[in-house]
Structure formats: C-alpha cells, structure tokens
Amino acid sequence: MSSIGENIKRIRKEKGYSQKQLAEKLVTTPQNLAQYENGKRIPKIETIQKIANALDCDVSDIREYDGSIRININSERIKQDIEAEELIKQASGKSLTEFEQKKIFDYVERTTESFSHFHESVESIKNIIEELGENILLTDYRKLNEIGQSEARKRINELTELPRYTRPDEPISQSPTT
C-alpha cells in the first residue's frame, strides 16, 4: 500500500501540476507540500480534503481506501453459488461429473477471492485507524514547546517499559530520552 505522500505526489504529477503550482492552489509553501509528499509530515484529514479538492480527486484516492468491503457479488454470481452449494449438498457419497466438479471448484475460488478482498479491506481500515491515531498524537505533540516535547518523549518511553501498555508481539525497546 502506498503512503499518503506517495499518492499525493503521483496524483499531482498525473494532473500535470508542479509542487509550486499545487502549493499555490493550497495556499501553502512548496516546502510544506514536499514534506507531505516525502512522508516527513502527515497531513491532517482537513488538509487531505483540501489537497483532494485541489487535485480534483476523491480523498479515497489519496488514502487508497474506497470505503467498501470489496466482495464482488452480482445476480449471476449468486445463481452460480447457489448451484454450487446444491451440488455440494447432493455430492455426499456420489461421483461428480467433470462439469459439476468445475462448478464446485469455481465456487470455492470465488469464495476464497471474496475472503481475500474482505481481509484486504479490514487491513486497510486498520491502517487508516492507526494513521489517524498517529496523526492526532503528532498534532498534539507539535502543540507542545521544547520542554513539553521532551517531557512527552520521557512519558512515552516510560509507557513502553510497562507490559500493560506494550504489544505482546513486539519487544520492549529502550529508546534514549532527551
């Protein structure tokens, strides 16, 4: 999955804008836009919306999430699935023709593909939620002065040393406090 910055850059180039031109449309500096594109800064949701408007694209194009759970179902597929399910029920203890076997195999393939797409959508949603949490944390951190930022880093380091606040699958890291 591409990062937000990579997507902004890709769409900007597809639309034929230079960084300077897009920055002017956004009423920001080219340096600020470059930081978004290089992943040095994460734009707020409102900023992503402004960028999407300026590029005449959907926010989902920048975030790479279309809001759907990608299970592709149509009436023909439903009909095929019902036939395959009936064949499976009838197949208990009987030989199947090659055509019947193919119908069942196709059904299993479609079902597997649907679950794969569903899993991808869930992962995408989890990534978006994680990015939002990180964005909120960074926004709050940037509001702090130098002393406050130093104190925040100390507190976060303290939390990483407590098993209650760390992920069980990740080792506790000892990061330097400043």
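R110 is buried in this predicted model, with a relative accessible area of 17%, where buried means under 20% relative accessible area, exposed means over 50% and partly exposed lies in between, for a 1.4 Å probe and protein chains only. R110 sits in helix α7, which spans residues 98–143. Helices here are DSSP runs of H or I with at least four residues, strands are runs of E with at least two, and both are numbered from the N terminus. In sequence, R110 and Q80 lie 30 residues apart, while their C-alpha atoms are 10.0 Å apart in space. Helix α7 also holds V108, which counts as partly exposed at 43% relative accessibility.

Residues are numbered from 1 along each chain as its sequence is written, and side-chain values use heavy atoms, with hydrogens and water left out. Because the model is predicted, local features need pLDDT of at least 70 and side-chain atom pairs count only at pLDDT 80 or more, whereas totals for chains, interfaces and linings use all residues.

Turning to the chain as a whole, the protein contains eight helices and zero strands, and its elements run α-α-α-α-α-α-α-α from the N terminus on. Of its 178 residues, 24% count as buried. The accessible surface comes to about 12700 Å², and carbon and sulfur atoms account for 54% of this; accessible areas come from the Shrake-Rupley method with a 1.4 Å probe, and for residues only the protein chains shown count as cover. Contact is taken to mean heavy atoms within 4.5 Å. Among contacts between residues at least 6 apart in sequence, 57% join residues at least 24 apart.

Just after α2, V27 takes a positive phi of about 55°, and V27 is a residue other than glycine. V27 belongs to the loop between α2 and α3 and counts as exposed, at 75% relative accessibility.

Helix α4 can be read in the same way. The buried residues of α4 are I48, I51, A52, A54 and L55. Seen down the axis of α4, these buried residues fall within an arc of 165°, so they line one face of the helix. On the face turned away from the buried side, α4 carries the exposed residues E46, K50 and N53. The buried residues of α4 are covered by elements including α1, α2, α3 and α5. Just after α4, D56 takes a positive phi of about 55°, again in a residue other than glycine. D56 is placed in the loop between α4 and α5 (59–63), and D56 is exposed, with a relative accessible area of 64%.

For α2 and α4, the packing angle is about 115° and the axes are 10 Å apart. Axes are lines fitted to C-alpha atoms, for helices over the stretch in contact, and angles run from 0 to 180 degrees between N-to-C directions. The crossing of α2 past α4 is right-handed; a crossing is left-handed if the near helix is turned anticlockwise from the far one by less than a right angle, and right-handed if clockwise. In this contact, L22, K25 and L26 of α2 meet K50, I51, A54 and L55 of α4. The residues of the contact divide into five nonpolar, no polar and two charged, where Ala, Val, Leu, Ile, Met, Phe, Trp, Tyr, Cys and Pro count as nonpolar, Asp, Glu, Lys and Arg as charged, and the others, Gly among them, as polar.

A further arginine, R12, lies in helix α1. R12 is buried, with a relative accessible area of 6%. Leaving aside neighbours within four places in sequence, R12 is in contact with Y17, S18, Q19, L22, L33, E37 and L55.

Note on methods:
The arc is that of the directions from the helix axis to the C-beta atoms.
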